[in-house]
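Biologist: I have a chain open here and would like to go through it. Can you take some questions?

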Amino acid sequence: MVKKASSGLQLSDEDLEMLNSPLGLKMLLADKKTNVEKALRLVKSEITFRELQAEVIKLQNWVIEKNKKVVIIFEGRDAAGKGGAIRRVTEHINPRQYRIVALPKPTTEEEGQWYFQRYVNQLPKPGEMVFFDRSWYNRAIVEPVNGFCTKAQYQSFMSQVNSFENMIMDSGIFLIKFYFSISKEEQALRFKQIQSDPLRRWKMTDVDRRAQELWDQYTAFKLKMFEHTNLKTSPWVIIEADKKIEARLKALQYMINFIPYEA
């Protein structure tokens with residue numbers, strides 16, 4: 001049976017049941033002005049999230065029981081939604097068996113080490129999943145664009161990174177590389193929203209403030225990174241991220257499809 005809402009939207013009995021659920025009512029009341037179509041879309045997305053998150057719990061249980069090791073890299077421009085995606089992926093899994101790694105600027109001691117050393121120190125132990133909110137690929141884009149590394153350091157990284165990842169995978173680690181891709185206009189909008197929010201304003205860094213100005217340079221180094229490091233054994237999974245919900249769902253779905261866990 002299909003019923004027509006006052007807005008002209010065609011609603012089935014199933015749609016009405018969703019909207020009358022606690023989740024549906026929450027979505028309907030989320031905005032000052034009720035938007036039935038938006039609320040229904042969000043309810044359906046949330047139901048899909050929960051289904052996929054339940055699968056991620058099964059995936060993690062398999063990782064724990066079989067002593068597997070998983071590394072998932074989240075890369076992308078500033079404000080691309082990497083952190084939000086990681087939060088949805090890890091929302092309901094066992095917090096004792098995963099880590100989120102977002103390394104700060106290297107210390108003086110770390111600057112004197114092999115570049116990959118501090119990332120090696122963060123790799124998972126058996127039965128653990130590690131999520132990198134930015135990774136060793138800082139040296140592929142962010143560092144050369146902003147002058148944080150020399151040309152020689154950049155070239156050294158590019159000559160070693162594929163071998164490094166092969167060693168990771170040869171050690172039995174499942175490796176997924178996500179790149180969250182947003183448009184210049186969407187990045188500008190998100191920066192504006194962050195700057196106007198007193199609870200999130202702290203997130204803006206000097207690097208963020210220059211990101212729009214250096215957009216083309218970021219693009220050039222991004223393309224070089226893809227060309228050199230998008231391998232059959234460790235491909236880049238490019239996620240169109242202008243729509244946050246869709247991007248997060250795609251990341252969850254890819255994880256479930258890629259890792260051969262047993263339910």
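Biologist: What share of the contacts in the chain with a separation of 6 or more comes from residues 24 or more positions apart?

Modeller: Those residues account for 73% of such contacts. A contact here means heavy atoms within 4.5 Å.

Biologist: Where does the model come from, and how are residues numbered?

Modeller: This is a predicted model, in which local features need pLDDT of at least 70 and side-chain atom pairs count only at pLDDT 80 or more, while totals for chains, interfaces and linings use all residues. Residues are numbered from 1 along each chain as its sequence is written, and side-chain values use heavy atoms, with hydrogens and water left out.

Biologist: How many helices and strands in the chain?

Modeller: Twelve helices and seven strands. They are DSSP runs numbered from the N terminus: H or I of at least four residues for helices, E of at least two for strands.

Biologist: And what box do the C-alpha atoms fill?

Modeller: Roughly 65 × 45 × 30 Å, taken along the principal axes.

Biologist: How much of the chain is buried?

Modeller: Of the 263 residues, 45% are buried. Buried is under 20% relative accessible area, exposed is over 50%, and partly exposed is in between, with a 1.4 Å probe and protein chains only.

Biologist: Charges next. How many positive and negative ones are there, and how far apart are their mean positions?

Modeller: There are 41 positive and 33 negative charges, with mean positions 2 Å apart. Lys and Arg count as positive and Asp and Glu as negative, leaving out His and the chain ends. The place of a charge is NZ of Lys, CZ of Arg, CG of Asp or CD of Glu.

Biologist: How many salt bridges?

Modeller: The structure holds 14. A salt bridge needs a side-chain nitrogen of Lys or Arg within 4 Å of a carboxyl oxygen of Asp or Glu.

Biologist: Which residue does R50 pair with?

Modeller: R50 forms a salt bridge with E46, and the closest N and O atoms are 3.7 Å apart. Both residues lie in helix 3, which spans residues 36-65, and they are four residues apart, about one turn of the helix.

Biologist: Is E46 buried or exposed?

Modeller: E46 counts as buried, because its relative accessibility is 15%. R50 has 49%, so R50 counts as partly exposed.

Biologist: Which residues are linked with that pair in a network?

Modeller: R88 and E91 are linked with E46 and R50 in a network of salt bridges.

Biologist: What does Q53 touch?

Modeller: Leaving out residues up to four places away in sequence, Q53 touches R88, E91, H92 and L252. Q53 lies in helix 3 and is buried, with a relative accessible area of 4%.

Biologist: What about K58 and E55?

Modeller: Their side chains meet in a salt bridge at 3.0 Å, N to O. K58 and E55 are three residues apart in helix 3, so about one helical turn separates them. K58 is partly exposed at 35% relative accessibility, and E55 is partly exposed at 21%.

Biologist: Which residue does R209 bridge to?

Modeller: D206, with the closest N and O atoms 3.1 Å apart. Both are in helix 10, residues 206-211, three residues apart and separated by about one helical turn. D206 counts as exposed at 60% relative accessibility, whereas R209 is partly exposed at 48%.

Biologist: Which residues form the nonpolar patch on the surface?

Modeller: W114, V120 and M167, with about 280 Å² of accessible area together. Patch residues have over 30% relative accessible area and no salt bridge; like charges are joined within 9 Å, and nonpolar side chains (Val, Leu, Ile, Met, Phe, Trp, Tyr) within 5 Å. V120 is in helix 6, residues 117-120, and is partly exposed at 31% relative accessibility.

Biologist: Last topic, backbone. What is phi of N67?

Modeller: Positive, about 55°, although N67 is not a glycine. N67 lies in the loop between helix 3 and strand 3 (69-76). A79 also has a positive phi, near 70°, and is a residue other than glycine. A79 lies in the loop between strand 3 and helix 4 (82-90).

How values were computed
Areas by Shrake-Rupley, 256 points an atom, 1.4 Å probe, with all protein chains shown as cover.
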